[in-house]
Amino acid sequence: MKKIIGTRIEVNDPNNDTVIKVDGLSKSFKLPTERSDSLKGSVFNFIRGIKGYKKQTVLKNINFEVKRGDFLGIVGRNGSGKSTLLKILAGVYYPEKGRITVNGNLIPFIELGVGFNPELTGRENVYLNGSLLGFSNKEMDAMYDEIVEFAELEDFMDQKLKNFSSGMQVRLAFSIAIKAQGDILVLDEVLAVGDEAFQTKCNQFFNKIKKDKTKTVILVTHSMENVRQYCNRAILIRDGIVKIDGSPEDVANSYSLENAERSKSNKNGGGIFKDNPIKNLKVKLDSPKQISQKDTLKINITYDVEENINTFAAITLWDIARSQTLINSNSRNKPCKGKGQKSLSFNFDLSALNDTNIRIYCSVRDIDGSILSYSLDELSPTIVFRRDDYENMNKKTTDAILFNRGEYSNHEKNRS
Amino acid sequence: MNIPHVLNKKNRVLLSELTKTDFKLRYQGSVLGYLWALLRPLMMFAILYIVFAKLLRFGGDIPHYPVYLLTGTTMWSFFTECTSQGIQAMVVRGDLIRKISFPKYIVVVSATLTAVINMLINLVVVVIFALINGVEPSWTWLLVPLSLVELYTLALGISFLLGAINVKYRDITSIWDVCIQALFYAVPIIYPITMVASTSTIAAKIILINPIAQAIQDIRYNLITHETITTWNYVSNFWLQILPIIIIVLILVFATIYFRKKSKYFAENV
């Protein structure tokens, strides 16, 4: 048996802003090759001098930190090691090497509704699930009403779980997850549940928790939309190593690129995009760094194409403060043909906006829309948008994304 | 394993919730429900009583033989239920172990606690039968819990040890089933130990060194009749007398160490 030198420690230090610290984490699994999950198989393997397993390294020297209030997205293709990482953070698996420090109460949701039993009532299941997550009955009493209210299942809680519809079961499980009173919430692929109304509710909840600086969320997901929408930071894991630790946009783009390469190489027998045909992607501003509503935002994009393919550029204007996409635009209708250097201009009228800071992301895609290259964070220019017509304007109206152009008139009859 | 950690509030809550759930679910959907906790051993007893006491005429010289037999079968079902549930516990609860981090021993203990609850219910029946059968209440009844703890400790030790191995090698469940069958005949439950003693004292002594036999004979001695042959009054050598206790302690210590060492990998292997 190999010696474990990995450790996972839990502390509770409210003064320390680092809630999770991962230092040099590695993990491998022994995958049985011959049948070694029975005594007979093991004995045979032993006699024949076969190890009976193959060592597979799933995580290699992972390092990262999570600060209090972060909404961290972890993305990566299937089998990249995300879930293993999450399970180690949650203390389900043992770290083989390295050191993990968890500061605060971590509530893991590797799966929703762990321990749910169809023969128990909704209420009993909530308390059982709570006890598995480490809550006492008293703590659960305090949370119970909120959970049931959020799940909208007030009338069903004394029914057995087997009489719930599957949507209702998931709603209940999900409500426990997001109403659980912990400092650090760990969620694995659990977002898309319930009907549209419930989705909207969850969306509101996540936007709220994103602003809450005392709660930390770690979210494993394949939805780049979710990453862009909720996360303030993201990590891309590929083959057990942290490839990118940066902005959600950066990670989301890189992930899309990774998937596009994968699907391409499958389609064409592999290899085409090993050497990326797009080189020297540059995004330049043809307008000043700070502009007002009177100016036009002008962006110039240049890139070299080394293969005979049709390409187009896509631009995302990202509101940095609000973590939202403002405008998406692309040149798909007028693609660039063939090899050579390409140069494109994009102009944007931003006069509808209120004050904000904007980062300009750019990606180059082939005609199917698969991403070929994108601008990294450090190469993506940012601009400052400041209006100069805010006279007598109410502060509330300038907080919104759009500038207030509405008019109003008063139809109330004058009584005097 | 430090004691405050083992008994901290979080773990106690989890243990009681899991045990409650187990117990609630056991007789879920049956018409008689919890009554089966009583009916099953009583029916088993009826069968054994008819076959061994009435047809084969065992135990003619033992006073209160039906209660004597009932005590034995009750304790035996407790032991088998405890161990088989305990050994299987980690596999049955694999779903939880794979997804949530909590001390794994809780799963084993909660599975065996259901057996303890069943046994305590049955014990009440045994006492009622004993009183009906004319057994005189005696101060030695107070010693019975000691033997129950002893038997439970042994069952728990076996559950930890074999349960930990069973996570990886599921053969253990089948092997233990066979062992249980063999042990059933190695322990004087249906046959009185006097039957063995009359042919070979050495064989009787060997039987009595088995901790299960020692505990069950003690319970019969303290509860029903002081004419019962026990390890203490039949085996004379002091070291042989305490050998059953030593065996139990060794199993428990070894099981605890082994279980703790392996528990880190249960989530990966189960």
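I began with a hairpin in chain A: β17(A) and β18(A) form it, with four residues between them. In its turn I noted A:Gly369, which has a positive phi of about 95°. The model is predicted, so I keep in mind that local features need pLDDT of at least 70.

I then looked up the pairing of the two strands. β17 (residues 356-366) and β18 (residues 371-374) of chain A run antiparallel over three bridges. A:Val364 has A:Ser373 in β18(A) as its bridge partner.

Next entry: the sheet of chain A. I find an open sheet of six strands with mixed pairing, in the order β6-β7-β8-β4-β9-β10. Which strands stand at the edges? They are β6 (106-109) and β10 (241-246) of chain A; each has a single partner strand, so one side of each is left without a neighbour in the sheet. From one strand to the next, the twist averages 15°.

β7 (residues 184-188) and β8 (residues 216-220) of chain A are parallel, with five bridges. A:Leu185 stands opposite A:Val217 in β8(A). I also looked for a helix over these strands. Helix α2 (residues 82-89) of chain A lies across β4 (71-75), β7, β8 and β9 (233-238) of chain A. Its direction is at about 150° to β7(A).

Helix α3 of chain A, residues 122-132, came next. Of its 11 residues, 10 are buried, so the helix is largely enclosed by the rest of the structure. I list among the buried ones A:Glu124, A:Asn125, A:Tyr127 and A:Asn129. What do the buried residues of α3(A) pack against? I find α4 (137-151) and α5 (166-179) of chain A, together with α2 and α5 of chain B. After α3(A) comes A:Gly134, with a positive phi near 95°.

I count 21 residues of chain B in contact with 25 residues of chain A. On the chain B side, the elements that give two or more residues are α2 (9-26), α5 (94-99) and α14 (266-269). α2(B) gives the most, seven residues. By class, this side of chain B has eight nonpolar, three polar and 10 charged residues.

I went through chain B as a whole. Chain B has 14 helices and zero strands. Its C-alpha trace spans about 55 × 50 × 35 Å along the principal axes. I compared the radius of gyration with the globule rule: a compact globule of 270 residues would have one near 18 Å, and the 19 Å of chain B agrees. Buried residues make up 41% of the 270 residues in chain B. For contacts in chain B with a separation of 6 or more, I note that 78% join residues 24 or more positions apart.

Last, I looked up the domains of chain A. The assignment gives domain 1 (2-260), domain 2 (278-385) and domain 3 (392-416). Between domain 1 and domain 2 of chain A, the C-alpha centres are 35 Å apart. How many residues of each are in contact? I find 10 residues of domain 1 of chain A in contact with 10 residues of domain 2 of chain A. On the domain 1 side, the largest share, six residues, comes from helix α8 (residues 248-267) of chain A. The residues of that side divide into two nonpolar, five polar and three charged.

Terms used:
Residues numbered from 1 in each chain as written. Chains lettered and ligands numbered in written order. Predicted model: local features only at pLDDT ≥ 70, side-chain atom pairs only at ≥ 80, totals over all residues. Contact = placed C-beta atoms within 7 Å. Nonpolar A, V, L, I, M, F, W, Y, C, P; charged D, E, K, R; others polar. Pairing = 2+ DSSP bridges. Axes fitted to C-alpha atoms, helices over the stretch in contact; angles between N-to-C directions. Rg over C-alpha atoms; globule rule 2.2 N^0.38 Å. Buried ≥ 20, exposed ≤ 12 C-beta atoms within 10 Å, placed from the backbone. Domains from an automatic or database assignment.
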